[in-house]
Amino acid sequence: MAVTKAGSPGILGYFADLLGAPEPALRLLFSVLVGYPLALFHRNVLFGTPPLIQHLFFIISGITLGFYNYGFDMFHSILCLFIMYLILVTVGGTFCSVVISFLFFMGYLLIGYYYTGTDEYDIKWTMPHCVLTLRLIGLTWDVYDGQKPEEKLSEEQKKTALKRSPSLLEIGGHMYFFGGFMVGPQFPMKRYLDFVDGTFKEKIFDGNPLCVTTGLKSLSQGILILSLQQLGSFFVPEKIYFSDEFVAFPYWKKLLIMGVWGKLVLYKYIAIWLIAEGSCILTGMTYNGTDKNGKDLWDGCTNVKLWYFTVTTTFQGGIRSFNHNTNLWLGQYVYKRLKFLGNRYISQAGALLFLAAWHGLHLGYYACFLNEFIVMYFEKDFESFLTTRFPKVKEMLLQSALKYPVRIFMKVYMDVIMGWCLVPFVFLSWSRYMQVYGSVYFIGYIIYFGWPLVAPILRALIPKAKVEKAE
């Protein structure tokens, strides 16, 4: 009988030993894959049945998967389900409900992090609970928005606003929907209710629906990315920075390894998101209208834009294509709600601070999102400087034959800097990630903290280019 590193017998333990992977990670992967037979069962048996039956199916299947992974720690999410319902039936639709839900659910999550946290990235009940926290906070915002006059809502708020508070079963079905409960993606209650009510029925069951092939394509992409990540980890292991071999590498090779390492770190998340998204697509819930050619779109729950992530040459592009739906949630419910502060950089800093706290209490999370802030500031400010001072140089670099080597250079730069930003996110503690930064001579901090000091001098010395006005 096989025994895992944690001492747990069984088939899963055997594969954990064989692959050298933590058993909780394999259990999580298995739970996400179970979403496919569940999706097929719902699609062929339950779709179109009364919403009550569908809500119960999602609640039972989600809680069962939760108990399989986290045992009686599932009590935390069940408790939050009833607290959410209590908030909505008492003060739902008021700004007070938004404040209460934010303080309670974020506070509950942070307390969970405090009692369960270690120096490593752990797969515990707080993982699905952090997904749940955003879903519940967003729900109170949607009910609050639904009480406003429609002309005061933005276009995206009109798509998510709820005119009434959902029932306990509706909240539970939305929370425990098997395609998004364990690892995401985020999706609003309005999308879930439309799906259960059969709004997309003619799209889902019209002949040979595209959502089936699209869902299976997402599954195959996820398995491919996971395979590449596992293969790459043999050559660039996660803790390569602490090896004597890495210390001996020439500087340029250290930077390239940092870029490859960062890619492999992100591939773990991309793979599990693609697999989870595939089960959501298979149900048909991800229907997102049509494109300009009238082709049905099934990207309503997309968490990663894989092709764009692969080819983008800017850090901003990498951020926008990764964890896409969570970023949309952050933009709608945090960043844009801070508009009253009157400064986009303050709003952005506030959103990133929230995002860091949402990930956990480790200092590494805050360092990671500080890195993200200073890199994006540099990228925007440097582009503005280049545009206003050297517009012809910029045009030559982007439109002449030089654009190809420039794009290759920018792609390598983006991957290296993405890896540099992720170092504290992975290693969490100050001593470990500063050791890594020391090995590359703190290159990122020299560039990004140095630019605001150098930029005013350069702007003073180099006048703006004269712009020729068109007749």
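Guide: Start with Arg43, which is buried at a relative accessible area of 7%. Buried here means under 20% relative accessible area, exposed means over 50%, and partly exposed lies in between, with a 1.4 Å probe and protein chains only. The model is predicted, and local features need pLDDT of at least 70, side-chain atom pairs count only at pLDDT 80 or more, and totals for chains, interfaces and linings use all residues. Residues are numbered from 1 along each chain as its sequence is written, and side-chain values use heavy atoms, with hydrogens and water left out.

Arg43 sits in helix α3, residues 35–46. Helices (H or I, at least four residues) and strands (E, at least two) are DSSP runs, numbered from the N terminus. If residues up to four places away in sequence are not counted, Arg43 touches Ile204, Phe205, Pro209, Cys211, Val212, Leu282 and Thr283. Such a contact means heavy atoms within 4.5 Å.

Gln186 lies in a loop, between α9 (168–176) and α10 (189–196). Its side chain reaches the backbone oxygen of Val131 at 2.8 Å. Val131 is also among the residues that Gln186 touches, together with Leu134, Arg135, Asn325 and Thr326, again not counting residues up to four places away in sequence.

Next come the charged pairs. The structure holds twelve salt bridges, each being a side-chain nitrogen of Lys or Arg within 4 Å of a carboxyl oxygen of Asp or Glu. One of them joins Arg164 to Glu170, with the closest N and O atoms 2.8 Å apart. In that pair, Arg164 is partly exposed at 45% relative accessible area, whereas Glu170 is buried at 12%.

Glu238 and Lys268 form another salt bridge, at 3.1 Å from N to O. Glu238 lies in the loop between α12 (210–235) and α13 (244–248), and Lys268 in helix α14 (residues 251–283), so this pair ties together parts that are 30 residues apart in sequence. Glu238 is partly exposed at 34% relative accessibility, and Lys268 is partly exposed at 35%.

The side chains of Arg459 and Asp381 also meet in a salt bridge, at 3.2 Å from N to O. This pair links distant parts of the chain, with Arg459 in helix α23 (residues 443–461) and Asp381 in helix α19 (residues 363–389), 78 residues apart. Arg459 counts as partly exposed at 26% relative accessibility, while Asp381 is buried with a relative accessible area of 15%. Beyond these pairs, Asp145, Lys148 and Arg337 are linked in a network of salt bridges.

Now the domains. The domain assignment of the protein chain gives domain 1 (18–198) and domain 2 (354–470), the bounds coming from an automatic or database assignment. Their C-alpha centres lie 35 Å apart. In the contact between them, 14 residues come from domain 1 and ten residues from domain 2.

The area buried between domain 1 and domain 2 is about 1,000 Å², and carbon and sulfur atoms give 69% of that area. Buried area is the accessible area (1.4 Å probe) that two parts lose on being put together, summed over both. The interface of the two domains has zero salt bridges. Between them there are three residue pairs in polar contact, both residues at pLDDT 80 or more. A polar contact is a pair of N or O atoms within 3.5 Å; within protein, one must be able to donate a hydrogen and the other to accept it, and residues adjacent in sequence count only if both atoms are side-chain atoms. On the side of domain 1 that touches domain 2, the elements that give two or more residues are α6 (95–116) and α7 (126–146). Of these, α6 gives the most, with six residues.

Last, the cysteines. A search of the whole structure finds zero disulfides, a disulfide being a pair of cysteine sulfur atoms within 2.5 Å. For Cys80, the nearest cysteine sulfur is that of Cys130, 13 Å away. Cys80 is buried at a relative accessible area of 1%. For Cys96, the nearest cysteine sulfur is that of Cys80, 18 Å away. Cys96 is partly exposed, at 42%.
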